[in-house]
Amino acid sequence: MGHIVNLLSTEHLTHDVLRLRAEKPAGLSYLPGQAVDILLNKEGWKNELRAFTFTSLPEEDHIEFIIKTYPDRKGVTNQLLSYPAGCELIVQEPFGDIHYKGEGIFIAGGAGITPFVAIFKQLEKENRVGGNKLIFANKTKADIILESHFQKLLGKNFINVLSNEELAGYEHGFISAELLKKHSEESPNAYYYLCGPPPMMTAVEKHLAALGVKESQIVREAF
Ligand SMILES: Cc1cc2nc3c(=O)[nH]c(=O)nc-3n(C[C@H](O)[C@H](O)[C@H](O)COP(=O)(O)OP(=O)(O)OC[C@H]3O[C@@H](n4cnc5c(N)ncnc54)[C@H](O)[C@@H]3O)c2cc1C
């Protein structure tokens, strides 16, 4: 089952992150923020489902994914490093809980930025970026996906947090309760959109609870 499509292009966005574009399956519809399970149509890999989030908008004529690769795991993302245009993907049905509910603070760790890439694309298209903020946690500057894109789009509302590098203009360490408080003060009822690896999600959820953020203000997806 699933739709077989051709991979159209693969390019590096950072040292370990790829942007893939593929044909859009006929009749596919999805919402910005949603993901889909994908298989490689290649002997030995046809049972290895992996979830990736659309970074294209539903009305675009192709589908796009931004994928962090883990060569040491010898899994699907490692295969994608040598899976050129013309190879086939099997695309399943879209799913996922992150979608835009209203203005707020988007908090991403690493590849957890992908649902927000699509949501911000949609907001930009509709001229509704407004006062939305993005707090993006990475190890180093070299790991930041689409840094100049978000800088241009969000200006001072784009806050980078680097755990393994100290640089002027970048917060250092992990996302802290103080940092969240500083950026939440003027909008107490904002939504908090969270996406990243489970340890980051757990830590941020704890900080938000301590700051009195209600469960109904949190929109999340763990990677
Ligand atoms: C809803 C959803 C949406 C997602 N969207 C995206 C996206 O848009 N972009 C993106 O980059 N990622 C996304 N992810 C994460 C993505 O699915 C995984 O990173 C991807 O499946 C990794 O596949 P892999 O085959 O390379 O490695 P894995 O399947 O993670 O690992 C392959 C094997 O390596 C070993 N292994 C696993 N973890 C480790 C570890 N930490 N250290 C060492 N060995 C390990 C295990 O033996 C495992 O079977 C999403 C996840 C979810 C749930």
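Domain bounds come from an automatic or database domain assignment. The structure is a predicted model, in which local features need pLDDT of at least 70, side-chain atom pairs count only at pLDDT 80 or more, and totals for chains, interfaces and linings use all residues. Residues are numbered from 1 along each chain as its sequence is written.

**View 1. The two domains of the protein chain.** The assignment gives domain 1 (3–91) and domain 2 (104–222). Their centres, taken over C-alpha atoms, are separated by 24 Å. Domain 1 brings 12 residues to the contact and domain 2 brings 13 residues; two residues are in contact if their C-beta atoms, placed from the backbone, lie within 7 Å. On the side of domain 1 that touches domain 2, strand E1 (3–14) and E5 each supply at least two residues. Strands (E, at least two residues) and helices (H or I, at least four) are DSSP runs, numbered from the N terminus. By class, this side of domain 1 has six nonpolar, five polar and one charged residues. Ala, Val, Leu, Ile, Met, Phe, Trp, Tyr, Cys and Pro count as nonpolar, Asp, Glu, Lys and Arg as charged, and the others, Gly among them, as polar.

**View 2. The shell around the ligand.** The ligand lies between domain 1 (3–91) and domain 2 (104–222), because both give residues to the shell around it. The ligand is surrounded by 20 residues, and the closest are Arg-73, Gly-75, Thr-77, Ala-111 and Thr-114; a residue is near a molecule if its C-beta atom, placed from the backbone, lies within 6 Å of it. Strand E4 (50–53), strand E5 (62–68) and helix H1 (76–80) each supply at least two residues of the shell. The shell has 10 nonpolar, six polar and four charged residues.

**View 3. Strand E11 and its partners.** Five of the six residues of strand E11 (residues 191–196) are buried, that is, 20 or more other C-beta atoms lie within 10 Å of their own, with C-beta atoms placed from the backbone. E11 pairs in the parallel sense with strand E7 (residues 104–109) over five bridges; two strands pair if DSSP finds at least two bridges between them. Within this pair, Tyr-192 of E11 is the bridge partner of Ile-105. E11 also pairs with strand E12 (residues 218–222), in the parallel sense and over five bridges.

**View 4. Strand E12.** Val-219 of E12 is the bridge partner of Tyr-193, and Ile-218 of E12 is the bridge partner of Tyr-192. The covered face of E12 holds Val-219 and Glu-221, and the uncovered one holds Ile-218, Arg-220 and Ala-222.

Notes: A residue is buried if 20 or more other C-beta atoms lie within 10 Å of its own, exposed if 12 or fewer, and partly exposed in between; C-beta atoms are placed from the backbone.
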